[in-house]
Amino acid sequence: MSLSNPYWHKSFFAFLKLFLSRMGDLASGKLAFSELAVDEVQLFLLGAIGVSCALIGTFLVLKKQTMLANALSHTVLLGIVIAYVLLGLVSSYTFASFPVLLLAALISALLTVFFTQVFTHVMRLQEDASIGLVFSFLFAIGIIFASVLTKNVHIGIEVVMGNVDIVQLADLRLALSLVGFNLLIIALFHRQYTLTVFDKSLARSYGVPVKFFEYLMMFQTAITVIGSFRAVGVLLVLAFLVSPVVIARLFTNKVATLLGLSCLIGLGISVIGVAISRHILSVYQLPLSTSGVVVSLFVVVFIISACIHLNKKYFYQLVKKQKTAKPQAELSNS
Amino acid sequence: MITLWDFFIDPILCWPTIGSLFMCVGTALIGVLVYLQKRSLLGESLSHCVYPGIVLGVLAYKMFFSKVDLLIPVLLGGTATASLGLYSINFCVRKLKMSSDVALCFVLAAFFGLGFLAVSRVQFIYPKVYQQVQMFLYGQAATMRQVHALIYMLLCLGIVIFIILLFKHLQMIYFDREFAKSMSRSSHTVESLVFIMLIAAIVIGMRTVGIILMSGMLIAPAVSARQFTNKLSWMFFLAALVAAISAFFGNVISYHFSNHFSASFPIGPVIIVVATLIAILSLLFSPKRGIVFRYARIVIFKKRVFAENVLKMIFKYSEQNAMPIEKMKKMVHLPHWIFSLFLFHIQKQGWIKHTADEQIQLTKDGKNKALHVIRKHRLWETYLQHLGMQGEMIHANAEKMEHMITEEMESSLEEMLSFPKKDPHQKPIPQKSKYSYGGYELE
């Protein structure tokens, strides 16, 4: 990583312009991958997170299981702590090491889904009550473990809040491999996923192992959350999972379009968010959290899209009223 | 050594203990209502909506006063943003046709993100305040003082008074929906009042268990209370009791463990762990709904049915009411050792005895038992015929019912059918014996 940051004191458009020209350099080989500036790493990282979260988020939203994803994003903490203890890595503080992540994802996904199923089906609790009970219990245990092991609560805070401003190239590699993983799984199984989401019994009659794909979806969510929490924290990952899809959902009813559109929105808003955050820092001297800016941008875009969506509806209603009103008037005249 | 009582009188320990006690009780009471409305995760969403309120409240407070006190920003700012969050959730569901699950999650993440943006500003200008704000994520019970405890006590009292005043209405809404629907306007008002109280409860509980664990405090006591009662008043009482117990022991455990292991055991998470453990124990062991007793009842019933069927089988096998063990083992679909154990069990009941030539013979009691089952079977068949049913259906249904008919049903069936002697298949129905009390005989 180069020490002198070329993006220093750049405003919004200058940032984008310089970024594009530097990307040209990167493509033509003038700029080595390891020479990327901090802002570029951030930008790629958030973009990658945006894309992988949008990919899996689409199916979560369609399946109406985002609150389970919320539970998962909390229990990830316990998964991470257990994985660290199991692998004896408490001392060496490397979040990005792959086996730890994989193990943590597996543990937390399995624990959460399994316990929720037990509470709902065996103990006959309401589903959302069991989700709430399970994740708050596992998260509480996770925090206690974490604060006992590290002798302070701040590891917990770091997990929850994340910090995109301390990321390294290793994080970027991880995020990019996550995008690859998610793309691969969705490309391979999007038909089965769609069937599982919309019509379980139809899926079964086609011979799709529904349970397997439900668990796979949860595992994919867990690993995406874990891969992203260092940059954005477990709670903001939720925003990345849900907001692009919710925005895209206002404009389309087709699964394929929804998938593509939400990926585009996730990527686009992440990039613009980084540029805006840099702009605010350069022009107004206000250092703000980059991921916070991105999520706030999601909110702003959502509000605008909701306004458009609602007004479009009003417009359609007006047109319909005029069309249906006319023949009636003719009838009454004749 | 510090005793349990010391947690109420020690000048350092007492205010966190008393404060968290009141907070947990207040939160749990509202949790009962939310749980009965089946909207448990609403609390999770709204508690995250409080976060930007706290941060903005602190920023605004800092403009007017030099000293930072978190109480007022939390109460006012938190209430404001939580109400906004509630409104946004309803808007997304009603106007944008989002499913409620997605709306909850989206609003949660969006508000938390906005709070996150604001807190990065606080971190830069008031680093010390930032530390305090962050502690709200997991609660900060240990630093509570007398003022806080008193204020939270008043708020908790407010919730209790609210519940007492509106008790009749609440009971009507949650337990008599049809009647409540006919009075939809007033029930609507009460329901929105409950949401306002939910926000109040969240803001109150915030300081003890923190934003992230809030939903646990709302749900766990309600779940435990529901296991033991069907009455709303008892549910409130039990939930409050569970909350108080978990708050108190949360403090005790946190204090002792922190000293013993010389590491910090944060109070809020410990309280949640205690409360959830109570909930899990009541899900397992509550007498009526608990899963252990439910399965135990099923197992006992199945065993009785099996025993009755085996006695019947031996009775029908031969004139002497005896049957070779090997033959029986082939008839029943059970592992041999379980079957032997079962035979030992009914032998102890005095229904069978082993004979010298490897046979099982019914005792007098066993024969009576078998006859009683057959009597109930044939009575039921007669009844079904009386209803106008015919064929194989009759027998299959009676095979099940013979194990369920009670003494009272049996005698009123007999009376209704005017004491029949033969069943539809022209087989004799065993009658009550004239010679021995409680015995049966075939005529």
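Buried area is the accessible area (1.4 Å probe) that two parts lose on being put together, summed over both. Keep that in mind for the first view. This is a predicted model, where local features need pLDDT of at least 70 and side-chain atom pairs count only at pLDDT 80 or more, while totals for chains, interfaces and linings use all residues. Residues are numbered from 1 along each chain as its sequence is written, chains are lettered from A in the order in which they are written, and side-chain values use heavy atoms, with hydrogens and water left out.

**View 1. Where chain A meets chain B.** Together the two chains bury about 5200 Å², and 78% of that is on carbon and sulfur atoms. Chain A brings 59 residues to the contact and chain B brings 62 residues (heavy atoms within 4.5 Å). Look for polar contacts and you'll find seven residue pairs, both residues at pLDDT 80 or more. Such a contact is a pair of N or O atoms within 3.5 Å; within protein, one must be able to donate a hydrogen and the other to accept it, and residues adjacent in sequence count only if both atoms are side-chain atoms.

**View 2. The chain A side of the contact.** Helices here are DSSP runs (H or I, at least four residues), as are strands (E, at least two), numbered from the N terminus. Among the elements that give two or more residues to the side touching chain B are α4 (98-122), α5 (127-150) and α11 (290-333) of chain A. The most comes from α5(A), with 15 residues.

**View 3. A salt bridge inside chain A.** The side chains of K63(A) and E214(A) meet at 3.1 Å, N to O. A salt bridge is a side-chain nitrogen of Lys or Arg within 4 Å of a carboxyl oxygen of Asp or Glu. K63(A) sits in the loop between α2 (38-62) and α3, E214(A) in helix α9, 151 residues apart.

**View 4. Chain B on its own.** Chain B has 18 helices and five strands. Its C-alpha trace spans about 100 × 60 × 35 Å along its principal axes.
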